[in-house]
Amino acid sequence: MVVLRRCAAAALLLLTTASVAQAQRRFTTVHRCTPAQRDAGCLIVLGSGTPVPDPERLGPAYAFVFGDQTLLFDAGAGVMRRVAGAGLRIDGFTSVFLTHLHSDHTLGLPDVLLTTWVMGRRTPQRLIGPPGTERMTASILDAWKDDIAVRTDGLERGQPGGQRADVREITGGVVHDSAGLKVTAIAVPHGEWKHAFAYVIETPTRRIVLSGDAAPGPALEAAARDADVLVHETYPEMRLRPEARPGGDAWPRYMRSVHTSDREVGVLAAKAGVKLVVLSHVVRMGGTDAELVAGVRRGGYNGPLRVARDRDVY
Ligand SMILES: [Zn+2]
Ligand SMILES: [Zn+2]
């Protein structure tokens, strides 16, 4: 009888272990940085999407992990779900950087501020972005002030003040330099936005450039020189045509002046000698991965090239 009971207990334990492993496998369909990758500096694509609510591609967001520092670049919709999926801390980041204030890049900012607080953050979240970031942050906290009051004053016993952000508005230059990890903001042209940034992330052994949203320009080209990885926004040039909607005739002009075509990414990457190009935040207009690759090749870049998917690790 005792033996039987022991067997049953062992079987139950096995079953439980199996279900936990199964659940974890579900979560580990995401890719995570290995310890060696963390030591060198590891980029995780949290969201490779655009304003289009594609369920496979969340809003633009990238994490960069180096040692015990975790940086977040942009806060697209769904960001904190992906942060959890990538096995990163959910109670705050070393620093959060915004490329610009377009809604697709900032829809997850309330999620970043409030979820990290609810998950245990007690100190202000360091937040770096263009002029206007302070106002946006204040408006977010104002919009959720009833929630903040209920969570703080009610039985949840939320930590007072933990939702705050320590905002630094920037116009370019070195914006983070700590324990071998340096981040430089590069002003890029992005239509009518007065301030939009690409970010250069450097560790002792890696140099990664995130274009943010940008039309082609010399500053980003210079910043991308010899980069190990260039993550660049794009659209398939061959698909660009007026759209059948009011104002849709201006669409090609808009795209050309505000974004960078696949061919133009190829031109930039070839000139800059980039070691790996990753296309992300792709305004598809029906274009396939093969068309995008062909577009980049037309621009003259023949090196390694990927089309980003959410959860990719570089
Ligand atoms: Zn934009
Ligand atoms: Zn965008």
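**Helix 10 and helix 11.** I began with the axes of helix 10 (residues 262–272) and helix 11 (residues 289–298), which come within 6 Å and cross at roughly 45 degrees in this predicted model. Here axes are lines fitted to C-alpha atoms, for helices over the stretch in contact, and angles run from 0 to 180 degrees between N-to-C directions. I therefore noted helix 10 as oblique to helix 11, given that angles under 35 degrees count as roughly parallel, over 145 as roughly antiparallel, 65 to 115 as roughly perpendicular and the rest as oblique. The contact is made by Asp262, Arg263, Val265 and Gly266 on helix 10, and by Leu292, Gly295, Val296, Arg297 and Arg298 on helix 11.

**Arginine 298.** I then looked up Arginine 298, which lies in helix 11 and touches Arg263 and Gly266, not counting residues up to four places away in sequence. Arginine 298 has 16 other C-beta atoms within 10 Å and is partly exposed; a residue is buried if 20 or more other C-beta atoms lie within 10 Å of its own, exposed if 12 or fewer, and partly exposed in between, with C-beta atoms placed from the backbone. The C-alpha atoms of arginine 298 and glycine 161, 137 residues apart along the chain, are separated by 53 Å.

**Conventions and confidence.** I number residues from 1 along each chain as its sequence is written, with chains lettered from A and ligands numbered from 1 in the order in which they are written. For this predicted model, local features need pLDDT of at least 70 and side-chain atom pairs count only at pLDDT 80 or more, while totals for chains, interfaces and linings use all residues. The mean pLDDT of the chain (the predictor's confidence in each residue, from 0 to 100) is 91, and 90% of the residues reach 70 or more. I marked residues 7–21, over which pLDDT stays under 50 and for which the model has 0 contacts beyond four places in sequence. I marked residues 23–29 as well, where pLDDT stays under 50 and the model has 1 contact beyond four places in sequence.

**The core.** I next turned to the largest nonpolar core, which has 72 residues, and in which Leu46, Tyr62, Ala63, Ala198 and Val277 have the most contacts. A nonpolar core is a set of buried Ala, Val, Leu, Ile, Met, Phe, Trp, Tyr and Cys residues joined through C-beta atoms within 7 Å. Strand 2 (residues 61–66) gives the largest share of this core, 6 residues. Beyond four places in sequence, I find leucine 46 in contact with Leu58, Ala61, Tyr62, Ala63, Val79, Arg82, Val83, Ala86 and Asp310.

Leucine 210 has its place in strand 10 (residues 207–210) and is buried, with 28 other C-beta atoms within 10 Å. Apart from residues up to four places away in sequence, leucine 210 touches Tyr62, Phe73, Ala198, Tyr199 and Val231. Cysteine 42, in strand 1 (residues 42–47), counts as buried with 24 C-beta neighbours inside 10 Å. Its contacts beyond four places in sequence are Cys33, Gln37, Val65 and Val313.

**Helix 5.** I looked through helix 5 (residues 109–118) and found 9 of its 10 residues buried, so helix 5 is largely enclosed by the rest of the structure. Just after helix 5, I noted that glycine 120 takes a positive phi of about 125 degrees.

**Positive phi outside glycine.** Aspartate 226 has a positive phi of about 60 degrees although it is not a glycine; I located aspartate 226 in the loop between helix 8 (218–223) and strand 11 (229–234), exposed, with 9 other C-beta atoms within 10 Å. Histidine 281, not a glycine either, has a positive phi of about 50 degrees, but I found histidine 281 in strand 12 (residues 277–282), where it counts as buried with 28 C-beta neighbours inside 10 Å.

Technical notes:
Helix = DSSP H or I, 4+ residues; strand = E, 2+ residues; numbered from the N terminus. Contact = placed C-beta atoms within 7 Å.
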